[in-house]
Amino acid sequence: MKQGDLVFCHNTDIVSRAIRWGEWLRFRKGDYYNHVGTLDVQVPQSDDWFVIEAIGHGVTNLGRLSSLVKPGGTYTIVPAPDGVNTDKQMEFLNEQVGDHYGFLTIASIITTLLSPAFINVMLPNTWICSALAAEALRAGGWIHCWPDLYQVNPAQLFEALS
């Protein structure tokens, strides 16, 4: 594990299951995952890591790898693509700390999954976990063509990195 690696999480709570169900409807191979964070720095004198992620109260760098997964859940570490400038990736992520979480974006993703793609409802200046991680990779130099960068979901990001 190293700084800039992505952590794809699988949890068993109702929200996590709903996210995965929506991905399953689209036949995405990454539909096993419902959350994404990025490894920041290793916790001193520990095997644990601080993780930058977008969660319910906003973008934070205080989460720990050891607490990302609830009982019954799992995680997978996926290295950032070759050529990503980790310094720029992490600089971008740290600049986002404190930004708001996009609950309406989650609603928009659900709406998009269940209706024509032209329906799009989002609050500006908000992040969801996977869009934050994808944009940080872009800041580090990894370019991928997304249908909508602000609605990249965990399965899409996992597929793009696999």
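Here is a walk through this structure, from the overall layout to the sheet, the helices and the core.

Before we start, keep in mind that this is a predicted model, where local features need pLDDT of at least 70 and side-chain atom pairs count only at pLDDT 80 or more, while totals for chains, interfaces and linings use all residues. Residues are numbered from 1 along each chain as its sequence is written, and side-chain values use heavy atoms, leaving out hydrogens and water.

Let's begin with the big picture. The chain has six helices and seven strands; helices (H or I, at least four residues) and strands (E, at least two) are DSSP runs, numbered from the N terminus. Read from the N terminus, the elements go β-α-β-β-β-α-β-α-β-α-β-α-α. Of the 162 residues in the chain, 48% are buried, where buried means under 20% relative accessible area, exposed over 50%, and partly exposed in between, using a 1.4 Å probe and protein chains only. The accessible surface of the chain is about 8,300 Å², and 58% of that belongs to carbon and sulfur atoms; such areas come from the Shrake-Rupley method with a 1.4 Å probe, and for residues only the protein chains shown count as cover. As for contacts (heavy atoms within 4.5 Å), among those between residues at least 6 apart in sequence, 64% join residues at least 24 apart.

Now look for the sheet. Five strands form an open sheet in the order β4-β3-β2-β1-β5, with antiparallel pairing; two strands pair if DSSP finds at least two bridges between them. At the edges sit β4 (58-64) and β5 (74-78), each pairing on one side only. From one strand to the next, the twist averages 30°. Angles here run from 0 to 180 degrees between N-to-C directions, and axes are lines fitted to C-alpha atoms, for helices over the stretch in contact.

Find β1 in that sheet. On one side, four bridges join β1 to β2 (residues 35-42), and the two run antiparallel. L6 stands opposite T38 in β2, and C9 stands opposite H35. On β5, which also runs antiparallel to β1, there are five bridges, and F8 has T76 as its bridge partner. How many of the residues of β1 are buried? Five of its five. In a regular strand the side chains alternate between the two faces of the sheet. In β1, L6, F8 and H10 lie on one side and V7 and C9 on the other, and both faces are covered.

Move over to β2, where six of the eight residues are buried. Three bridges pair β2 with β3 in the antiparallel sense, and L39 stands opposite V51 in β3. The hairpin of β2 and β3 has six residues between the strands, and there Q45 takes a positive phi near 50°.

α6 lies across β1, β2 and β5, running at about 130° to β1. Why is α6 described as largely enclosed by the rest of the structure? Because six of its eight residues are buried, namely P154, A155, Q156, L157, F158 and L161.

The two helices also pack against each other, at an angle of about 35° and with their axes 8 Å apart. C129, S130, A133, A134 and L137 in α5 meet P154, L157 and L161 in α6. The residues of this contact divide into seven nonpolar, one polar and no charged. For that tally, Ala, Val, Leu, Ile, Met, Phe, Trp, Tyr, Cys and Pro count as nonpolar, Asp, Glu, Lys and Arg as charged, and the others, Gly among them, as polar.

Finally, the inside. In soluble globular proteins, nonpolar side chains tend to be buried together. A nonpolar core is a set of buried Ala, Val, Leu, Ile, Met, Phe, Trp, Tyr and Cys residues joined through side-chain atoms within 4.5 Å. The largest one has 17 residues, of which L6, F8, L137, W142, W146, L157 and L161 touch the most other members. β1 (6-10), α5 (129-139) and α6 (154-161) are the elements that give it two or more residues. Apart from this core lies another, of 13 residues, among them V59, F92, L93 and I128.
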